[in-house]
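I opened the model and kept notes as I went. The entries follow the order in which I looked things up.

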Amino acid sequence: MPVKSDKWIRRMAEQHGLIDPFEPNQVRQDGGRRLISYGTSSYGYDVRCAPEFRIFTNINSAIVDPKAFDSNSFVNVDAEVCIIPPNSFALARTVEYFRIPRNILTICLGKSTYARCGIIVNVTPLEPEWEGHVTLEFSNTTPLPARIYANEGVAQVIFLEADEVCETSYKDRGGKYQGQRGVTLPKT
């Protein structure tokens with residue numbers, strides 16, 4: 001499975017709508033303000049976090065159950081900065097909307113800037129022919145509150161090309177997260 005380069009990412013974004021909105025370069029500043037970088041890198045694409053967060057709370061003493069998830073376990077925050085409580089987590093989404101080709105699988109890893117602060121970014125692979133905004137999970141592993149910045153880089157998507165096209169894609173299976181927009185909570 002070869003890893004796809006910056007040239008491939010640019011070409012696919014411009015000709016086939018792989019990523020929208022798309023930044024062909026690596027952005028590190030907005031005017032004079034330094035940013036956590038986003039955009040096209042050598043062998044990946046650094047995604048941004050949208051200013052739409054769902055912060056986990058246990059005010060209702062709920063049990064976290066992926067088969068019967070209680071949406072009241074989250075507080076909605078729409079802001080440029082999100083503060084995640086100690087040893088807690090938040091859900092967010094990418095600014096970018098993805099359209100994954102049938103012969104591509106992606107892996108997404110958190111940026112080192114956050115990892116070095118004890119903030120883990122978790123994203124499941126983007127499967128062949130999946131499309132949508134990527135739901136991001138930020139885990140604050142520290143005993144202190146942690147800050148996440150909207151509209152700045154949070155994770156890198158790496159595109160892997162299969163040596164053979166899959167028999168059944170995510171779209172073919174009618175995957176439950178196909179076409180998701182906004183922060184998407186667990187579905188059963």
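**Aromatic pairs**

I counted six aromatic pairs, where rings of Phe, Tyr and Trp (its six-membered ring) pair if their centres lie within 6.5 Å. I looked up F22 and Y45, and this pair is stacked, with 5.6 Å centre to centre and 25° between the planes. Planes under 30 degrees apart count as stacked, over 60 as edge-to-face and the rest as tilted. F22 sits in the loop between β1 and β2 and Y45 in strand β4, so the pair ties together parts that are 23 residues apart in sequence.

**Source of the values**

I noted that this is a predicted model, in which local features need pLDDT of at least 70, side-chain atom pairs count only at pLDDT 80 or more, and totals for chains, interfaces and linings use all residues. Residues are numbered from 1 along each chain as its sequence is written, and side-chain values use heavy atoms, with hydrogens and water left out.

**Cores**

I looked up the largest nonpolar core, which has 38 residues. Such a core is a set of buried Ala, Val, Leu, Ile, Met, Phe, Trp, Tyr and Cys residues joined through side-chain atoms within 4.5 Å. F98, F138, I148 and F159 have the most contacts inside this core. Another core, of five residues, lies apart from it and includes F56, F74, F89 and V183.

**Sheet**

I traced an open sheet of five strands in the order β2-β3-β4-β13-β9, with antiparallel pairing. Strands (E, at least two residues) and helices (H or I, at least four) are DSSP runs, numbered from the N terminus, and two strands pair if DSSP finds at least two bridges between them. The edge strands are β2 (26–30) and β9 (104–110), and each pairs on one side only. Four bridges join β2 to β3 (residues 33–41).

**Helix α1**

Which residues of α1 are buried? I found W8, I9, M12 and A13. They cover an arc of only 125° around the axis, which puts them on the same side of α1; the arc is that of the directions from the helix axis to the C-beta atoms. An α-helix has 3.6 residues a turn, so residues three or four places apart point the same way. The face turned away from the buried side of α1 carries the exposed residues K7, E14 and Q15. Just after α1, G17 takes a positive phi of about 65°.

Methods. Buried means under 20% relative accessible area, exposed over 50%, partly exposed in between (1.4 Å probe, protein chains only).
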